[in-house]
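Here is a colleague's note, written as numbered points to be read with the structure open beside it. Please take the points in order, and look up each residue as it is named.

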Amino acid sequence: MSIHSADTNKSPGLTSGTMLVIATVVGGGMFSLPIAMAGVWFSGATVILILVAIMMLLTGLMLVEVNLHFEPGASFNTFTTELLGKKWNIVVGIAFGFVLYILTYAYISGSSAVLTQTILKYTGVALPIKAAVVIVACLVAAIVWYSSLWVGRITTILIFGKFIAFFATFSGLVAHVEIANLLDSASVAIPGTKYLPYVLMTLPFCIISFGFHGNVPSLVKLYGKTKFRFITRSIIIGTIFAVLLYIFWLGVTMGNISRANFSPIIAKGGNIDVFVEAIGGVMSGKTMDLILTFFGNFAVASSLLAATLGLFDYIADLLNFKNDSAGRFKTAVVTYLPPAVVCFFFPNGFVYAIGYAGLAFTIWSVILPPFLVKASRKRYSDSDTIYRSPCNSAVLNLVIVCGAIVYLTVILDVFGWLPAFK
């Protein structure tokens, strides 16, 4: 999806920004949510998602306030250096690169798993997962190397296909929802079951599921400073849409697969192919099965292209590679080779990678924004502020504390010190 700065001839409407936010946050990563939320189950997951969505919405609006003090086109590198100094900028730069690399790995892993499952299902040929990794990595690298315009066009097609397939699939699953499964009633619950111990491990997955923050500079560039209300409305509508979609998604999955039956899915690595297969088990008919497979392929493919284009552009800018064939080839190698090599040896790390991405993503999407707002409010007077986010000092400090808790949670999870639902 190409982003053009606002001009006097053609001004984009609210739909453009809203679709950018939705396309960024709703992707293959949503497949990790039911698995990550299996410990707290539907009721707990709904509450956590709403609270995290509110926090991520506030930090997004904080970034809008900060970004509007700079010219359209300015990004994290510019306003972090200006307001917080070079040391902060180095930390944010490392976190930014880490998130994009690990998401690239996650979506290569997910795409490869879905590809092997699809080929086996419809041709009977068992494609080795490592071969699928090579095919997926080379294919997406070729598309991005050839033209960013191609990426925009293909991603747009994939996004529309993804949502058509999503509602075609899961509106059909609504009829199969069992309230006993959804509420984890005594008849289906695991004996002596507990929910509270698993709350903390859900946070990194929830944080990454509302990760539109990297696109705030793109929204400012899209609309310019005068249409800042379009920027804030895009973020608000996109966030509300995402949280409602996630709750619906959890409802139809957890209503069809009992909490006890999530254990085998998690034991198999929790990758997308295993999850799609489990959902397919509760559906009848070849048409529904085809739509579900179609959705799985489109969801991870659109996420893979969207996430990796951001990394591709970041690498090109960081290493000063030219925008010609040779330069784009070098950028493609640096972008895709490292995650593809890791994925070749560790192909089933989709869910784990999404969780680890939350470690670095927390830095620049939760912890950084309140610090930027504090610095900008010290530097700029109210008369110089185009938009002020609805966050006073107490809210800013609360968000910093929440960010620190999430950051600590991921570290504890890395060392295996958090209870995990298995």
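At what angle do helix H1 and helix H11 pack, and how far apart are their axes?

1. Helix H1 (residues 14-25) and helix H11 (residues 228-254) pack at an angle of about 40 degrees, and their axes are 8 Å apart. Before going on, please note that this is a predicted model, in which local features need pLDDT of at least 70 and side-chain atom pairs count only at pLDDT 80 or more, while totals for chains, interfaces and linings use all residues. Residues are numbered from 1 along each chain as its sequence is written, and side-chain values use heavy atoms, with hydrogens and water left out.

2. Some terms are needed here: helices are DSSP runs (H or I, at least four residues), numbered from the N terminus, and axes are lines fitted to C-alpha atoms, for helices over the stretch in contact, with angles that run from 0 to 180 degrees between N-to-C directions. Angles under 35 degrees count as roughly parallel, over 145 as roughly antiparallel, 65 to 115 as roughly perpendicular and the rest as oblique; H1 and H11 are therefore oblique to each other. The crossing of H1 with H11 is right-handed, a word used if the near helix is turned clockwise from the far one by less than a right angle, whereas anticlockwise gives left-handed.

3. The contact between these two helices (heavy atoms within 4.5 Å) involves residues of H1 including Leu-14, Val-21 and Val-25, and residues of H11 including Phe-230, Arg-233 and Tyr-246. By class, the contact of H1 with H11 has ten nonpolar, four polar and one charged residues, where Ala, Val, Leu, Ile, Met, Phe, Trp, Tyr, Cys and Pro count as nonpolar, Asp, Glu, Lys and Arg as charged, and the others, Gly among them, as polar.

4. Another pair to examine is helix H3 (residues 41-67) with helix H17 (residues 393-414), whose axes come within 11 Å and cross at roughly 120 degrees. That angle makes H3 oblique to H17, and the crossing of H3 and H17 is left-handed. Met-55, Leu-58, Thr-59 and Met-62 in H3 meet Val-395, Leu-396, Val-399 and Cys-402 in H17, and the contact of H3 with H17 has seven nonpolar, one polar and no charged residues.

5. How many disulfides does the structure hold? The structure holds zero disulfides, a disulfide being a pair of cysteine sulfur atoms within 2.5 Å. The sulfur of Cys-206 is 13 Å from the closest cysteine sulfur, in Cys-402, which is too far for a bond. Cys-391 is likewise in no disulfide, with the nearest cysteine sulfur, that of Cys-402, 12 Å away. Cys-206 is buried, at a relative accessible area of 0%, and Cys-391 counts as buried at 4%; buried means under 20% relative accessible area, exposed over 50%, and partly exposed in between (1.4 Å probe, protein chains only).

6. Two backbone angles deserve a careful look. Most residues other than glycine have a negative phi. Trp-41, which lies in helix H3, has a positive phi near 60 degrees and is buried, with a relative accessible area of 2%. Asn-320, in the loop between helix H14 (286-319) and helix H15 (325-345), has a positive phi near 55 degrees, and Asn-320 is exposed, with a relative accessible area of 65%.
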